[in-house]
Amino acid sequence: MKKRVISSMFALTTLLTGCVTFPTKESEKVEVIWDEVKVVENCQRLGIVFGSEGHFYDYWLHADKDMVWGTLNQMRIKAAALGADTLYLYQSLDFSSSVTMFGNAYLCNTKETK
């Protein structure tokens with residue numbers, strides 16, 4: 001009986017645990033900028049994007065670096081979906097059980113080929 005309870009708890013924890021977000025082919029082309037305002041001053045702002053990894057019930061199963069990486073991947077995917085090539089990050093929100101970030105998506109490389 002004890003073995004069943006432990007197995008059930010493990011299975012439930014595994015089901016509740018989300019995976020960290022991985023990059024896509026499109027999102028890998030999005031450059032991430034932090035604290036370099038001049039880089040985006042001649043770019044077209046396309047919108048705000050945010051990302052978040054971790055939950056109150058499973059944050060202890062993921063390393064902080066994995067949650068940050070997953071959050072950045074979420075944001076790059078959303079920026080790529082807007083047609084952006086640059087993501088300008090702002091200071092992350094401070095949570096103890098997750099990583100949440102937000103920033104602006106920009107289109108900076110508008111080189112026209114003739």
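Residues are numbered from 1 along each chain as its sequence is written, and side-chain values use heavy atoms, with hydrogens and water left out.

**View 1. Confidence along the chain.** Let us start with pLDDT, the predictor's confidence in each residue, from 0 to 100. Its mean over the chain is 76, and 62% of the residues reach 70 or more. Over residues 10-17 the pLDDT is below 50, and this stretch has seven contacts in the model beyond near neighbours in sequence. Where pLDDT is low, the predicted coordinates should not be read in detail. Which helix has the lowest confidence, and which strand the highest? The lowest mean, 49, belongs to helix α1 (residues 2-16), and the highest, 93, to strand β3 (residues 86-89). Helices (H or I, at least four residues) and strands (E, at least two) are DSSP runs, numbered from the N terminus.

View 2. Is Q74 buried or exposed? Q74 is buried, because its relative accessible area is 19%; buried means under 20%, exposed over 50%, and partly exposed in between (1.4 Å probe, protein chains only). Leaving aside neighbours within four places in sequence, Q74 touches T21, G51, S52 and E53. G70 also has its place in helix α2, and G70 is buried at 0% relative accessibility. From G70 to G51 the C-alpha to C-alpha distance is 8.2 Å, although 19 residues separate the two in sequence.

**View 3. A sheet of four strands.** Two strands pair if DSSP finds at least two bridges between them. Strands of a sheet pair through backbone hydrogen bonds, either parallel or antiparallel. In this open sheet the order is β1-β3-β4-β2, with mixed pairing. Strands β1 (31-34) and β2 (44-53) are the edges, each pairing on one side only. From one strand to the next, the twist averages 30°, where axes are lines fitted to C-alpha atoms (for helices over the stretch in contact) and angles run from 0 to 180 degrees between N-to-C directions. Four bridges join β1 and β3 in the parallel sense, and W34 stands opposite L89 in β3.

**View 4. A cluster of rings.** Ring pairs link Y88, Y90 and F102 into a cluster. Rings of Phe, Tyr and Trp (its six-membered ring) pair if their centres lie within 6.5 Å; planes under 30 degrees apart count as stacked, over 60 as edge-to-face and the rest as tilted. By this rule there are two aromatic pairs. Y88 and Y90 form an edge-to-face pair, because their ring centres are 5.3 Å apart and their planes are at 70°. Y90 and F102 are stacked, because their centres are 5.7 Å apart and their planes are at 20°. Y90 lies in the loop between β3 and β4 (99-107) and F102 in strand β4, so this pair ties together parts 12 residues apart in sequence. Y88 is buried at 7% relative accessibility, whereas Y90 is partly exposed at 32%.

Methods:
This is a predicted model: local features need pLDDT of at least 70, side-chain atom pairs count only at pLDDT 80 or more; totals for chains, interfaces and linings use all residues. Contact means heavy atoms within 4.5 Å.
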